Amino acid sequence: MISNKEEEIDIRNDIIIEIGNEALKRTFSQQTFTIQNITESKSNFENKKKSKSCFNFIESTIPLSLKLFFLIIFALISLIGFGIVILLKSYQMLDNARHISFVGNLFVIFSDLSHNLQYERGLSALYLGRNESLGLNELYQQRNRTDVLIQQYRKDLSSVEMRDSYLRAFMSNERNSNQVIENIKLINNYYIAKLDTHRKEGFYSFFDFFQFYTDWIRTISDCVILLSSQSNDARISSFLTSYTSLIQTKELLALKRGVGAIILESKGFTAVTYNYYISLVSKYDEERRIFELRMSQQIYDFYKQLMFTNVSENIDRMEKYMLDNYSNLILYTSEVWFNNVTIQINNLRIVEKELRTNILDTSSDITRRAIASLSGFFIAILLVMTISISLALVFSKTIVNPWRKLLALQEDMVHKFVPKEFMNIIQKEKVTELEHGDYYEMELDVMFADIRKYTTLSEQMSVKETFKFINTYLSAVGPIVRKYDGYIDKYMGDGIICLFLTPGKSVEAAMALQKEITKFNNNTKYPDISVGIGIARGRVAVGLVGESKRMDATIIGDTVNLASRVESLTKHFGAGILVTKQVIDSSLIEINKNIYRKIGNVAVVGKKCDVELIEIFPEYSTKYVTREIFEKGVSNLFDINHLNVENALIYFNKVLEMDKDDTSAKLRKELCEDLLRFEQDLGKWNCVELLKTK
């Protein structure tokens, strides 16, 4: 917007300069004309003056300063008119964003309550009528969680602006607003008030009790559906439409969970339950189909990753069995059905949270765009007035463009030394805002990558060749780190320290780095290299260290030291990639379990607490074949509940028969033999290997 204004100002300046030149020429020509024709008669002069057009009269008579004044006034009037349109549009966008935020807060409140009610209803269907104290204890614990959530629901609902007048102002349809108000009153005054009574009666009149929960959840869903119909923004409407389909799909699946549990517990259908379940299946399939059609590609990919799994296949298999053998259901238990469906419901809840996040992110985007429009308008007014009045019609692009290029070059140069990711972490926009001692503590993945036998390699090269080799290597690995949302925090000669904010991305980056090293060896003239990679996850402090005259961006924390030790152990265990168990457990990305194996519990040098190490390897590795046998040996050696050193030795020998070069298997075999050779060591064995070397 500013660029367009500058072009407008430049054009206006050119016009004004041209007008000024014409005025000077005209003045000079008029003076010449007067001198050359001073002897002309007065009557001839008057006749020529009358013959001038109106335009020439205005052009020659009105002073240049007055022309410039009117030019500025006309520009300001146009700008103000345009600004009024922007103000109205921005107000509408801000109002819409405020409404969306209001709806999002209500969705969170209603969704949490509904999800817990669905689970309590399902547990009631599973355990009521039994004499198993374990199941009933789980049901009572869930009831306690529901009671706590109801208290939180009341507190959260009171914190949201829920006055009747506000709801009616927010909702354009009076009938809908009245219905939402009545539903909220019904939840507070009937369902919550009658909950304890229905819980007690559930032991005697289960189906009434089951219907009580279903009606309550339907009332909540109605509120969500009515609130979802109010947005005028196309993107928000799309998200809200998908959201309403999702909650209905989730409720139908929850009903299938409860009814299926009752049927399996009863070992068969009745005519009524069979017809009811068939209708549930039909409604669920149709609602799920509608939801899948409505969702965006991004949400669908996320949904597909969560929902299309072995659990989904198990549910379909059990459901087909139930419908085919409706009178004699003995193959599956109600617990197996309940647990599998619960996993799918929880996955739908994850999708639900992702949709809510998209809704709130879009609301924030609308707010940002509205604020940007307003800011742009006021900046434009200030810019036009300042340039028009202060610079007096002259502004040259030959000054602005080089200055902008210089600033862009300067910013690009600064970020080569202070990464943008570092600035984002410590929440600073400009390098000039950094102060000595700034830091931010957070949890992330820390990766160490180091070239093995680098000293030997560097001895064979000159200083110039070494620099060229290192830069060629780093040019290959740097883009891969950025591709997986990480950044290189430190260059340490042949080693690098990388940080990853998204759990699990570091593992993907490590595997990609190893593949890139293979390409590097094949496509360059340098000797073949191998790289050891160690990853640990934990809390670290990201910030500035040094003194006032010399500072450096770095990370500090126990996790950094652990990641360094883990990388060093890659040489000891003959592994390309080693990670701690926390890296795998916290990953938001599904990692193929067939490409990693447990190494065991180790206490690295300088650490009192032990960590469980996991080795990542490529699919073409022999370790891919021996993984299960190796992990059985590790379990017998490092799991106190399955401790059996003799069996562990047998497993490791089998691994070595299949892969004699497996360094980890050799080390584990030696450890087993040492423990069996010295009985006193076996008696003291606490399933943790104490390492004496870094």
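Let's start in a loop: Lys267 sits between helix H9 (234-266) and helix H10 (271-294). Helices here are DSSP runs of H or I with at least four residues, strands are DSSP runs of E with at least two, and both are numbered from the N terminus. You're looking at a predicted model, where local features need pLDDT of at least 70, side-chain atom pairs count only at pLDDT 80 or more, and totals for chains, interfaces and linings use all residues. Residues are numbered from 1 along each chain as its sequence is written, and side-chain values use heavy atoms, with hydrogens and water left out.

**The whole protein**

- The secondary structure comes to 24 helices and 9 strands.
- Of the 694 residues, 45% count as buried (buried is under 20% relative accessible area, exposed is over 50%, and partly exposed is in between, using a 1.4 Å probe and protein chains only).
- Take the contacts (heavy atoms within 4.5 Å) with a separation of 6 or more: residues 24 or more positions apart account for 72% of them.

- Most residues other than glycine have a negative phi.
- Lys267 isn't a glycine, yet its phi is positive, at about 65°.
- Lys267 has 43% relative accessibility, so it counts as partly exposed.
- Cys687 also has a positive phi, near 65°, and is a residue other than glycine.
- You'll find Cys687 in the loop between helix H24 (679-684) and strand S9 (689-690).
- Cys687 is buried, with a relative accessible area of 3%.

**Strand S4 and its partners**

- In strand S4 (residues 531-547), 12 of the 17 residues are buried, so the strand is largely enclosed by the rest of the structure.
- Strand S1 (residues 439-451) runs antiparallel to S4, and 13 bridges join them (two strands pair if DSSP finds at least two bridges between them).
- Within that pairing, Met442 has Val540 of S4 as its bridge partner.
- Strand S5 (residues 550-556) pairs with S4 over 7 bridges, again in the antiparallel sense.
- Leu544 stands opposite Ala553 in S5, and a hairpin of 2 residues links S4 to S5.
- Strand S6 (residues 577-580) runs parallel to S4, with 3 bridges between them.
- Here Ile535 stands opposite Val579 in S6.

**Helix H23 and its neighbours**

- Helix H22 (residues 645-658) and helix H23 (residues 663-677) have axes that come within 9 Å and cross at roughly 150°.
- Those axes are lines fitted to C-alpha atoms, for helices over the stretch in contact, and angles run from 0 to 180 degrees between N-to-C directions.
- The crossing of H22 and H23 is left-handed, which is the label when the near helix is turned anticlockwise from the far one by less than a right angle (clockwise is right-handed).
- Residues making this contact include Leu649, Phe652 and Leu656 of H22, and Lys669, Cys672 and Leu676 of H23.
- The contact of H22 with H23 has 10 nonpolar, 1 polar and 5 charged residues (Ala, Val, Leu, Ile, Met, Phe, Trp, Tyr, Cys and Pro count as nonpolar, Asp, Glu, Lys and Arg as charged, and the others, Gly among them, as polar).
- Helix H21 (residues 623-638) packs with H23 at an angle of about 35°, and their axes are 11 Å apart.
- The crossing of H21 and H23 is left-handed.
- On the H21 side, Phe630, Leu637 and Phe638 meet H23 residues including Ala665, Leu671 and Leu675.
- The contact of H21 with H23 divides into 7 nonpolar, 1 polar and 1 charged.
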